[in-house]
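User: I'm new to this one and would like a close look at a single part. Could you walk me through the salt bridges and the residues around them?

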Amino acid sequence: MAKFVRNKPVQSDAPNVKVELATGEQLDLGANRFKLVVVDDAGNESEPAFIDVIVKDAAKPTAVLDLVDGNGKVLGDLTVKQGDTIILSGERSKDQPPGKVVSYTFTWIDRG
């Protein structure tokens, strides 16, 4: 089975073709355009048909919440004295490449 390479036609005698890319390659996030041209038994070539396949990033990010000191060092002890300044950090939160975390929402909630 031929591998798809951008702007290089893949010819097939079958009406269906599996989109396979070179090892390590992936479709781009967002719109990926494909084109089909068919030829009949008389050698007549069709006008091209196009389809945009939308690839979305469906991987959820991982939130990591730490208590850090003024220098950003993660504290192992989560006990502080009343009145102490505390710093919450979501710095170790991550998303799967090529995604990235772009927003952090911290909420002080009831102990329940």
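Analyst: Let's start with Asp-66, which is buried in this predicted model: its relative accessible area is 11%, and the cut-off for buried is under 20%. The side chain of Asp-66 meets that of Arg-92 in a salt bridge, at 2.6 Å from N to O. Asp-66 sits in strand β3 (residues 66–68) and Arg-92 in the segment after β4 (87–89), so this pair ties together parts that are 26 residues apart in sequence.

Next up is Asp-52, which forms a salt bridge with Arg-33, and here the closest N and O atoms are 2.9 Å apart. That pair also links distant parts of the chain, with Asp-52 in strand β2 (residues 49–55) and Arg-33 in strand β1, 19 residues apart. Asp-52 counts as partly exposed at 40% relative accessibility, while Arg-33 counts as exposed at 56%.

Then there's Asp-28, whose salt bridge with Arg-6 has its closest N and O atoms 2.9 Å apart. Both residues lie in the segment before β1, yet they are 22 residues apart in sequence, so the pair ties those parts together. Asp-28 is partly exposed, with a relative accessible area of 36%, and Arg-6 is exposed, at 62%.

Asn-7 is exposed, with 77% relative accessibility. Its phi is positive, about 65°, although Asn-7 is not a glycine. Most residues other than glycine have a negative phi.

Methods:
Residues numbered from 1 in each chain as written. Predicted model: local features only at pLDDT ≥ 70, side-chain atom pairs only at ≥ 80, totals over all residues. Heavy atoms only, no water. Buried < 20%, exposed > 50% of the residue type's maximum accessible area, 1.4 Å probe, protein only. Salt bridge = Lys/Arg side-chain N within 4 Å of Asp/Glu carboxyl O. Helix = DSSP H or I, 4+ residues; strand = E, 2+ residues; numbered from the N terminus.
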